[in-house]
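I opened my notebook with the sequence on one side and the model on the other. These are my entries, in the order I looked things up.

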Amino acid sequence: MSVFDSTALLLTGVVLLLSLLLWLYPRRSSRLPPGPGFALPLLGHLHLMGKDPRATFRKWRRQNGDIFSLYMGRQLTVVLNGHKIIKEALVKRGDVFSDRPDFVRLTDNVSREKGVLVASGAEWKTVRKACIEILREFGMGKNLLAEKIQEEVTEYIRTIASKDGQPFDMTHLTQISVSNNICSILFGKRFDYNDQAFMDYLKVHDNLSAGQSSSLALIFPALRHIPGDPFKAHKFVQDFRLLLETFIQPIVTRHIQELDGGPNPPDDFITAYLRRVRQDEADQKVSYITEKGLPMVIFHLFGGGTETTATTLRWAVAYFIHHPDVQEKCHKEIMEVIGDDRRPTMQDRPEMTYLEATTMEVLRIVNIVPLSLPHETACAAGFAGYTIPKGTTVIPNLDSVLHDPEVWEDPDTFRPERFIGPDGKLLRYEEFVPFSTGRRVCLGESLARMELFLYLAAMIQHFRFLPPEDGQLPSLEGSLGFTYTPMPFTFRAVPRCK
């Protein structure tokens with residue numbers, strides 16, 4: 001080969017490489033919202049994100065305004081900030097901004113079903129409607145369910161009392177106890193606190209929720225192809241498969257067998273859902289309510305009914321330890337309204353203004369799901385003076401609302417009194433959106449609020465929360481993955497003297 005041929009071959013290779021990089025390079029249209037600086041081929045702006053997207057988004061909001069755009073790889077992403085912009089998109093323009101990105105690209109070798117959490121359009125509306133109706137049948141938001149939760153809380157309090165005031169980590173006990181409430185609805189049963197197999201499944205679910213790197217892999221499935229699995233994509237799929245195929249699918253299969261051939265099928269969510277499937281089949285109705293899709297529906301309801309409430313309770317205890325004055329004010333209110341000779345009920349809740357304000361302040365300052373779950377535009381739309389293309393990933397930045405200094409004075413200060421008016425009554429803020437807003441608002445919000453009241457009221461009624469003997473306080477800096485979780489800590493639950 002001549003020098004000329006070698007030079008031509010080299011130049012051709014350089015031109016092809018530059019063409020490929022140019023094709024891979026994300027180009028922001030002038031009609032899109034502004035955003036951060038240089039985007040890399042393949043990675044987009046991921047290299048600028050930093051360890052904590054909340055801090056990065058706060059900086060980019062100051063630089064670009066309440067709506068800005070970036071690229072997650074080659075995926076265009078628009079971040080919405082501030083209550084006004086988020087409400088405009090999710091509430092007033094819900095027809096455009098209520099779809100979900102195709103998360104199943106990461107897990108399609110396990111299941112392509114979308115359940116209730118990641119479905120879009122008619123499928124999502126149909127499945128969500130069915131879930132809400134069935135959950136209401138089993139007492140969601142009603143006294144019947146409250147009584148079942150009270151029974152679980154009684155067992156939870158008894159187990160804490162058995163620690164005899166010695167330091168312990170509440171994580172797994174709280175996860176099992178809270179999970180039992182949704183399990184009673186979904187499966188018609190609860191699990192013993194010493195059930196090791198169930199504890200192992202909860203640990204796997206905890207792994208799915210905790211990793212920030214795996215959350216990036218879910219949004220950007222191409223990361224699963226990077227050698228060494230640095231974004232934990234393969235670990236995520238492995239854990240997902242374990243929960244879906246070895247825990248949930250066998251339970252669904254048993255329910256199918258009992259419904260089709262057993263004399264007394266269980267009276268629970270799964271059976272009710274299967275009956276709807278059978279009815280649609282009998283009516284020859286084309287429906288998204290299917291037997292094949294049920295395990296994913298259960299996976300989403302189980303996870304949603306376990307993670308956020310259990311995590312909020314852990315954060316509440318951490319803040320009670322840091323703020324013993326708040327803890328004592330809550331206890332004083334409980335003694336005045338309930339006393340110590342009966343357990344708290346939902347009928348007591350309207351009289352428990354300070355406890356309610358404290359719970360709301362925990363939800364606000366901790367902000368369990370600070371970036372909500374990503375949405376996707378169902379069609380191209382003009383919005384806030386920009387053009388948002390169809391298929392754009394949309395992140396409602398709830399952190400920008402719940403920590404907005406223009407709404408909350410000293411937003412990083414824990415102060416339950418901000419939710420109590422001069423007349424002593426509870427203040428309701430439109431900007432209080434820990435469960436998100438719009439059509440995709442958390443399906444289990446009423447259950448979570450019920451659980452938080454009944455657990456916290458009973459816990460404070462019976463115990464004083466103290467640090468271990470060495471005085472080590474829990475960290476108020478958590479770990480951000482799909483949810484914002486506290487770092488592991490131990491504390492003492494010292495029984496209050498009657």
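**Entry 1: T485**

Leaving aside its neighbours within four places in sequence, which residues is T485 in contact with? I looked, and found E307, T311, W315, G478 and S479. I note that this is a predicted model. I placed T485 in strand 9, residues 484-485. Then I checked its surface. T485 has a relative accessible area of 8%, and the cut-off for buried is under 20%, so T485 counts as buried. I also took one distance. T485 and A310 are 175 residues apart along the chain, yet their C-alpha atoms are separated by 9.8 Å.

**Entry 2: the whole chain**

I read off 17 helices and 10 strands. Of the 498 residues, 52% count as buried. Residues 24 or more positions apart account for 72% of them.

Four strands form it, in the order 1-2-6-3, with mixed pairing. Why does one side of strand 1 and of strand 3 lack a neighbour in the sheet? Strand 1 (67-72) and strand 3 (375-376) stand at the edges, and each has a single partner strand, so one side of each is left without a neighbour there.

I went through the pairs. Strand 2 (residues 75-80) runs parallel to strand 6 (residues 393-396), and four bridges join them. In this pair, V78 stands opposite V394 of strand 6. Two helices came up next. Helix 2 (residues 53-64) packs on the sheet and touches strand 1, strand 2 and strand 6. Its direction makes about 125° with that of strand 1. Helix 3 (residues 83-92) also packs on the sheet, touching strand 2, strand 3 and strand 6. Its direction makes about 120° with that of strand 2.

**Entry 3: strand 1**

I zoomed in on strand 1. It pairs with strand 2 in the antiparallel sense, over six bridges. S69 stands opposite V78 in strand 2. The two strands form a hairpin with two residues between them. In the turn, G73 has a positive phi of about 70°.

Which way do the residues point? In a regular strand, side chains alternate between the two faces of the sheet. I checked this strand: I67, S69 and Y71 point one way, while F68, L70 and M72 point the other way. Six of the six residues of strand 1 are buried, so the rest of the structure largely encloses this strand.

**Entry 4: helix 14**

I checked a length here. Helix 14 (residues 324-337) has 14 residues, and at 1.5 Å a residue it should span 20 Å. Its end C-alpha atoms are 20 Å apart, which agrees.

Which residues of helix 14 are buried? I listed V326, Q327, C330, H331, E333 and I334. They cover an arc of only 160° around the axis, so they lie on the same side of helix 14. The face turned away carries the exposed residues K332 and E336. The buried residues pack against helix 13 (294-322), helix 15 (353-366), helix 17 (445-462) and strand 7 (463-466). Just after helix 14, G339 takes a positive phi of about 85°.

**Entry 5: C442**

Last, I checked a record. UniProt, in an unreviewed entry, places the feature "binding site" at C442. I found C442 in the loop between helix 16 (399-402) and helix 17. C442 is partly exposed, with a relative accessible area of 31%.

Terms used
Residues are numbered from 1 along each chain as its sequence is written. This is a predicted model: local features need pLDDT of at least 70, side-chain atom pairs count only at pLDDT 80 or more; totals for chains, interfaces and linings use all residues. Side-chain values use heavy atoms; hydrogens and water are left out. Two strands pair if DSSP finds at least two bridges between them. Contact means heavy atoms within 4.5 Å. Axes are lines fitted to C-alpha atoms, for helices over the stretch in contact, and angles run from 0 to 180 degrees between N-to-C directions. The expected span of a helix is 1.5 Å times one less than its number of residues. Buried means under 20% relative accessible area, exposed over 50%, partly exposed in between (1.4 Å probe, protein chains only). The arc is that of the directions from the helix axis to the C-beta atoms. UniProt positions are given in the numbering used here, feature names are shortened, and annotations may be inferred rather than shown by experiment.
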